[in-house]
Amino acid sequence: MDGIPKELKEKLTAFDLSLTEVEKTLKYLVDVPQNELNEKMTPLDKAKLDLTGAYTINSLFWMYLNVCGINPKEHAVKQELDRIRSYMNRVKDIQDKAKAPKLDKGAAKRFVKSSLWEAAKKQIEEHVTPKENKDKPIVIDEEEPETSGLSRKRKRDSKTDDTPVKPSKKKKKKKEKK
C-alpha cells in the first residue's frame, strides 16, 4: 500500500470500516433462519425488511460499479434502485394510513343526533310563547315542509294551550281562490 496516496488510503480505510459495520448488522439476519424470522414479523415488517435488503444489495452494487470506473447512472442498477424506492414509499403510505385516526361511525351518529336534538329543543323554547305573551297568537304556516319534529311539537302544544292559533295569510288566499 505504499504506492497509494494518503487521501485515498483514508477513504479506503473509512470504506473498510463501513463495510465491517454492514457485515455486523447483516450477520444477525444471515444467522437466524428465514422461517423463524418471518414467524415473528408482521406482513408490513416483512415487506420493510425485504425492501431494505434489496436496496442495500443494489446500493453495494452501485458502489462496486463506481470502484470499477463504470458510471452507475447509465447502468440498470439505477432503475432498480428507483423501483425499490417507489415500493418503499408505498409501504410508508400504507404505514401512515394504518396510523391515521379512524372515524367511529356510531359515535359520530350519536354526536350529530345529540346536536340536532339540542338545536330542536332550543328552537322549541324560542317559539313557545312565554306566560307574559300569552295573548299573542302563534301563526303556523302549514305550507312549509316539515324538516324536523318541530312543527308537530308546536301543533301538539297549541292544542293543549289556550292561545288561539291563526292560519297564515297564504292559507286564507287559497281558500278565497276556491
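In this tour, a helix is a DSSP run of H or I with at least four residues, numbered from the N terminus. The model on display is predicted.

**First stop: the second largest pocket.** Select α1 (6-31) and α3 (43-68); each of them supplies at least two residues of the lining of the second largest pocket. Next, display Val22, Thr25, Leu26, Thr56 and Leu60, which lie nearest the centre of this pocket, among the 14 residues that line it. The space inside amounts to about 260 Å³. Colouring the lining by class gives eight nonpolar residues, six polar residues and no charged ones.

**Second stop: α3 against α4.** To view the contact, select residues of α3 including Leu44, Leu51, Tyr55 and Trp62, together with residues of α4 including Leu81, Ile84, Met88 and Val91. By class, the contact of α3 with α4 holds 15 nonpolar, four polar and four charged residues.

Technical notes
Residues are numbered from 1 along each chain as its sequence is written. This is a predicted model: local features need pLDDT of at least 70, side-chain atom pairs count only at pLDDT 80 or more; totals for chains, interfaces and linings use all residues. Side-chain values use heavy atoms; hydrogens and water are left out. On a 1 Å grid over the protein atoms alone, a cavity is a set of points where a 1.4 Å probe fits but cannot get out, and a pocket is an open set with protein on both sides within 12 Å along at least five of seven lines; lining residues have an atom within 4 Å of a point. Grid points are joined across faces, edges and corners, and a volume is the space filled by probe spheres set on the points. Ala, Val, Leu, Ile, Met, Phe, Trp, Tyr, Cys and Pro count as nonpolar, Asp, Glu, Lys and Arg as charged, and the others, Gly among them, as polar. Contact means heavy atoms within 4.5 Å.
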